[in-house]
Amino acid sequence: MDTDNKLTPVNLFFTYYDPNHIQNKPPIIFIHGILSSPYCWNKVKSKICDKTGRKGYAVYLRNHDLSDWSDEMSVSHMAADLKNFMLKESISKAILIGHSLGGRVALAVTLQNPEMIEKIIIEDMKLTIDENEREILGFKSILRLAASSLKEIPSSVSKNVAQKKIQHLFTFAWSKKPAEEAYSKPLTPHLPFYKNKSGKFEWKINIDVITKMFGIMKDFEIPFREDTVYLGEALFIAAEYSAFKVLKQKELIQKHIPNSQFISAKGVYHSCHLEKQEEFVEIVSNFLITKHV
C-alpha cells in the first residue's frame, strides 16, 4: 500500500481568509469536490471563520485549474499534496472540511496523520466505496460524455448556453431523484471550462486524467489499515437525496473514527454548502465551537 512519503506531491493553489477576530487556534482547510474549486466555499467560508475565530484556507486539488497538473491522480496522491501544503504553510494542526472527493482526501490525511488534525467535517462522502457502485461507474460515463460534448459545442454558442448544456449532464450525477412531491432540483455548480482565443471551449481541469482515476478503483480508495483509529472528533453530513448512503456506514465509520457524529441534511441532494448555505454554516460552526464529551 502506498503511503504519502512514497508519493511526489504537487503544489496546490489556495485562497485565504482572515476572520474579524483571530483566535490562537488551528486554521480550517476547505477541500472541494470533483470538478469544483476553492470558490465553491465563498458563501460559507468567511461566515464559518468569523464565527469560530479561525483562519481559513481553501485549496485546489491537483489537476484542477491553477494547482499543478500531473499524470498521476489518486486519493493517496491528493492526501500527500494536502500534507505537503500544510508543511509548506507551517500549519502543524488544522481542521479539515471536505466535500465529496475532498472528503475522501480529508479522511485519508486524517487516518494517516491524526496528530495533524484537530477535527474533521465530511460532507456527503463514505469511508469505503465498492468497485461496482453505480455512482462511480455512472460518473465515469458522465465525465466521458461531458469531455466529448464540450469539444462539439460550436464557437457560436455563448459560454452561458454551453454551461447549461454541460451542467445538464451532471444534474443527478451524485443524487437520486426524490419523491414526486419534491419540487426542488439539485444545484449543479459552475463547471470549470472557458472559451479560448480561437473560440473553442476547453476544460480548466485535466479531464482525461480525472476520468481515468474513476476507472481504477484503487485510486479512489482511502488507504487505511483494519486497526487504524482516529480519536479526534468528526462530523459526517449526509445529504437526504444523495446517492451515497453515508448513514448506512455509521457502524464502520465509528469503528475507525469512534468520536463521530452524524447529521442528515434534509432536502439536500449532494452539496449542503451550496444548496442550504445558512444551515451549513450553523451546523459546522456549532460543531467547531461546542466541546463534546
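Q: What makes strand 2 and strand 3 a pair in this predicted model?
A: Pairing takes at least two bridges between the strands. Four bridges join strand 2 (residues 28–31) to strand 3. Strand 2 and strand 3 therefore count as paired. They run parallel. Ile28 stands opposite Gly56 in strand 3.

Q: How do you know that strand 1 and strand 3 pair, and in which direction do they run?
A: The cut-off is again at least two bridges. Strand 1 (residues 14–17) is joined to strand 3 by four bridges, so the two strands pair. Strand 1 and strand 3 run antiparallel. Tyr16 has Tyr57 in strand 3 as its bridge partner.

Q: Which way do the residues of strand 3 point, and are they buried or exposed?
A: Strand 3 covers residues 56–59. Gly56 and Ala58 point one way, while Tyr57 and Val59 point the other way. All are buried, which means under 20% relative accessible area.

Q: Why are helix 1 and helix 10 called roughly parallel?
A: Helix 1 (residues 42–52) and helix 10 (residues 277–289) pack at an angle of about 30 degrees. Angles under 35 degrees count as roughly parallel. Helix 1 and helix 10 are therefore roughly parallel to each other. Their axes are 9 Å apart, and their crossing is right-handed.

Q: What makes up the contact of helix 1 with helix 10?
A: Helix 1 brings Lys43, Val44, Lys47, Ile48, Lys51 and Thr52. They meet residues of helix 10, including Phe280, Val281, Glu282 and Leu288. The residues of this contact divide into seven nonpolar, three polar and five charged.

Terms used
Residues numbered from 1 in each chain as written. Predicted model: local features only at pLDDT ≥ 70, side-chain atom pairs only at ≥ 80, totals over all residues. Heavy atoms only, no water. Axes fitted to C-alpha atoms, helices over the stretch in contact; angles between N-to-C directions. Parallel < 35°, antiparallel > 145°, perpendicular 65-115°, else oblique. Left-handed = near helix turned anticlockwise from the far one by under 90°. Contact = heavy atoms within 4.5 Å. Nonpolar A, V, L, I, M, F, W, Y, C, P; charged D, E, K, R; others polar. Buried < 20%, exposed > 50% of the residue type's maximum accessible area, 1.4 Å probe, protein only.
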